Amino acid sequence: MMEKAKEKSEQNHKPKGTDEHVIVIKGLKKSFGEKHVLKDINLEVKRSENVVILGRSGTGKSVTIQCIVGLLKPDSGSLKVFGDEVADMSEKELKQLRIKIGFLFQSGALYDSMTIRENLEFPLTRILKIKEQAEIDKRVEAALDSVGLLDSIDKLPSDLSGGMRKRAGLARTIVVNPEIILYDEPTTGLDPITSREISELILSIQKKYNTTSIIITHDMECARLASDRVVVMDDGEYIAEGTFDSLHKSKNKIVAAFFKDIL
Amino acid sequence: MAEEMVIPAWKRWLEGIGDQVEFFFKFFRNIFTGGFEWSEFVRQCYEIGYRSMMLVGITSFIMGVVLILQLRPTLVSFGAASMLPKTLAVSFVREIGPVIIAIICAGKIASSIGAELGSMKVTEQLDAMEVSGANPLQYLVVTRILATTVMVPILSVIGDIIGLFGGFLALNLRDKMSYNLYFTKVVASIDFSDFLPAFIKTIFFGFAIGFVGCYKGFHSNKGTESVGLAANSAVVTASLWIFVIDAIAVQVTSLLFYK
């Protein structure tokens, strides 16, 4: 039992930047009633890699990342994160896994009754159980500084613009130093300048914190800037995969439709 | 076709019952596991209790006034005007006060909890809490249900006192009765068996208000319309539960105290 735990711990703390796959999805299927949202998803994500998933609305992109974090249970197939099958995890194991995974929601999902400071303190005190206020302040300020929001630390989410809310959401995600970050349409609803800032922020966070990321987006500029690899999804399946530049030349109609306005 | 429509309806109803039972047990399990969120509990007590005090006070005062004005002609016709303080005290403390105050609380508190948690669900705040590894049940549900369970009985006692004071003022509009005489009659007419069962049932009213508000908000759908539906449904269901609990409480009290 101890050996198994030690082995697991060593697996989870391998040196970053290796070819180790931190997320492995094989034959993943998920239906809601008669609607088959995920038909056969296969994906492997290496440590420190930024993978962008492109696809039309309703093709199952968000469902895929919700399965990764255990918010939804797949009907069949295998989904392993850090080598462990997510569907087989107990509530306690799932909680431990979620500490290592950050999730940036489309809306930012900031707790609107709390200030930005309290939003960032929440995971530190409840999840990491940090007691020292000095340590909490240091982490909160460092995370907000990374996203350029230190000046808004005592504001309420309702006092922030859409872009600032996304940044604050990102700060709350990185404050616990996750190993994986899942971005659900991080630039949706933002102007092109703010979208670019967020995309650059995603890239800088990957470099600074050495995180592995899956980014769901329709924003081609975000995909171009932030991706190491792009996967295109349609009707619950992956139809193309490659670097942004290689997919740019694809003859596939759906892939070409995404890249048609890119010079 | 009609048969096809009926089956999902009762299935959904049964699923709803099952969900509520599961939610009930999850609530109890979460009281005793993990750390208790004291600061959030105190904040909720303030939001639920202190912020409802004005509404409860005004309503209770008016009820006290109205009851005296309604009771007076009947009692006067029987030559029993001196029974007014006793009649008001017994009816208010035993039944009218707790039920009216609980209904007011259902309208204000259950709807606000339902709408708050419903909007947190729509804006993915509940999911955010869950995927971060925190327990939304512990932070949001346990604190709110316990806060209503504690605060509704307190509001009820405060409402009873204000209602009886309203009755005193109404009585002095037509008749003259001193403050001392009125409250001596009131206190003398209220027995332990009048106050205790009424107080205990307000604990259950408070629990029902918090539980229904949290359940409806937590299980709302992910659309803006569902926030309104959660709030509305929370008020209706909590009000219904208050009358069901009251009916059961009256039966139990009758068996135990008024044989």
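**Exercises: two interfaces in a predicted model**

Between domain 1 of chain A and domain 2 of chain A, five residue pairs are in polar contact, both at pLDDT 80 or more. A polar contact is a pair of N or O atoms within 3.5 Å; within protein, one must be able to donate a hydrogen and the other to accept it, and residues adjacent in sequence count only if both atoms are side-chain atoms. The model is predicted: local features need pLDDT of at least 70, side-chain atom pairs count only at pLDDT 80 or more, and totals for chains, interfaces and linings use all residues. Residues are numbered from 1 along each chain as its sequence is written, chains are lettered from A in the order in which they are written, and side-chain values use heavy atoms, without hydrogens and water.

**Exercise 1.** Find the salt bridge between domain 1 of chain A and domain 2 of chain A.

*Solution.* 
- Step 1. Apply the rule: a side-chain nitrogen of Lys or Arg within 4 Å of a carboxyl oxygen of Asp or Glu.
- Step 2. The count is one salt bridge.
- Step 3. A:Glu197 pairs with A:Arg167, with the closest N and O atoms 2.7 Å apart.

**Exercise 2.** Describe the salt bridges and polar contacts between chain B and chain A.

*Solution.* 
- Step 1. Count the salt bridges: there are three.
- Step 2. Take A:Arg98 and B:Glu130: their side chains meet in a salt bridge at 3.9 Å, N to O.
- Step 3. Locate the chain B side: helix 4 of chain B gives the largest share, six residues. Helices here are DSSP runs (H or I, at least four residues), numbered from the N terminus.

Note on methods:
Helix = DSSP H or I, 4+ residues; strand = E, 2+ residues; numbered from the N terminus.
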